Amino acid sequence: MSSEHEQQRSRLRGEQTEQPSGEPWTDLELTIPHNRSPTAVVSLVECALVELTHEDVGAEFVSTSVAGVKRTQFIAIDDVGQRFQKRYFDERLGRHETTVSRETVRDELVSRLTHQSSLGGEVGQNNVDGAQDRFCVKPARELRFQE
């Protein structure tokens, strides 16, 4: 019995050392299109919101179309994670910043991540293909508008 228990502990220690030592939010990313269920997308968004509330990180959604690149970023601005700064950048229209609720962030991210790519039917037209919409969580200091 004890040798079985020791084998399990040894196996668990080995599995723990094989896992990456990065921050838990580094895996919170998704490209569109994807094959995740709507439930899995909601779970990803909820995990991202927790990390945005407790770590110095932000969420970024980047969409690419023939009209250009659009970036939407969310960063928590209060200690309880109920208010977020939403920063939006469109290559044609410029920048816009506003304050939104947690519910708004959740709804917007779930909506964007459950829809198909903004390229949609444009893939292959106007020499636009291979680009994908993407979502990720990264350190807030890395969230810069790239003009």
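Helices here are DSSP runs of H or I with at least four residues, strands are runs of E with at least two, and both are numbered from the N terminus.

**Figure 1. The whole protein chain, element by element.** This is a predicted model, where local features need pLDDT of at least 70, side-chain atom pairs count only at pLDDT 80 or more, and totals for chains, interfaces and linings use all residues. Residues are numbered from 1 along each chain as its sequence is written, and side-chain values use heavy atoms, with hydrogens and water left out. Reading from the N terminus, the protein chain goes α-β-α-β-β-β-β-α-β, which comes to three helices and six strands. Of its 147 residues, 36% are buried (under 20% relative accessible area; exposed is over 50%, partly exposed is in between, with a 1.4 Å probe and protein chains only). The accessible surface is about 9,300 Å², and 45% of that belongs to carbon and sulfur atoms; such areas come from the Shrake-Rupley method with a 1.4 Å probe, and for residues only the protein chains shown count as cover. Take the contacts (heavy atoms within 4.5 Å) between residues at least 6 apart in sequence: 57% of them join residues at least 24 apart.

**Figure 2. Helix α2 against helix α3.** Two packed helices are described by the angle between their axes and the distance between the axes. Here α2 (residues 38-54) and α3 (residues 102-114) pack at about 140 degrees, with axes 9 Å apart. The axes are lines fitted to C-alpha atoms, for helices over the stretch in contact, and angles run from 0 to 180 degrees between N-to-C directions. That makes α2 and α3 oblique to each other, since under 35 degrees counts as roughly parallel, over 145 as roughly antiparallel, 65 to 115 as roughly perpendicular and the rest as oblique. On the α2 side, the contact includes Val 41, Val 45, Leu 49 and Thr 53; on the α3 side, Val 105, Arg 106, Leu 109 and Leu 113 are among the residues involved. The contact residues split into eleven nonpolar, two polar and three charged. For that tally, Ala, Val, Leu, Ile, Met, Phe, Trp, Tyr, Cys and Pro count as nonpolar, Asp, Glu, Lys and Arg as charged, and the others, Gly among them, as polar.

**Figure 3. The loop between β4 and β5.** Arg 92 sits in this loop, with β4 at 83-90 and β5 at 94-101, and Leu 93 is in the loop too. Arg 92 counts as exposed at 56% relative accessibility, and Leu 93 counts as exposed at 68%. Lys 70 is 22 residues from Arg 92 along the chain, with 9.0 Å between their C-alpha atoms. For Leu 93 and Lys 70, the figures are 23 residues and 9.5 Å, C-alpha to C-alpha.

**Figure 4. Gln 73 in strand β3.** Gln 73 belongs to β3 (residues 68-76) and counts as buried, at 0% relative accessibility. Its C-alpha atom is 5.5 Å from that of Ala 59, which is 14 residues away along the chain.

**Figure 5. Two loops around β1.** Glu 23 is in the loop between α1 (2-18) and β1 (29-32), and at 42% relative accessibility Glu 23 counts as partly exposed. The C-alpha atoms of Glu 23 and Glu 51 are 9.9 Å apart. Pro 33 is in the loop between β1 and α2. Most peptide bonds are trans. The one from Ile 32 to Pro 33 is cis, with omega near 10 degrees.
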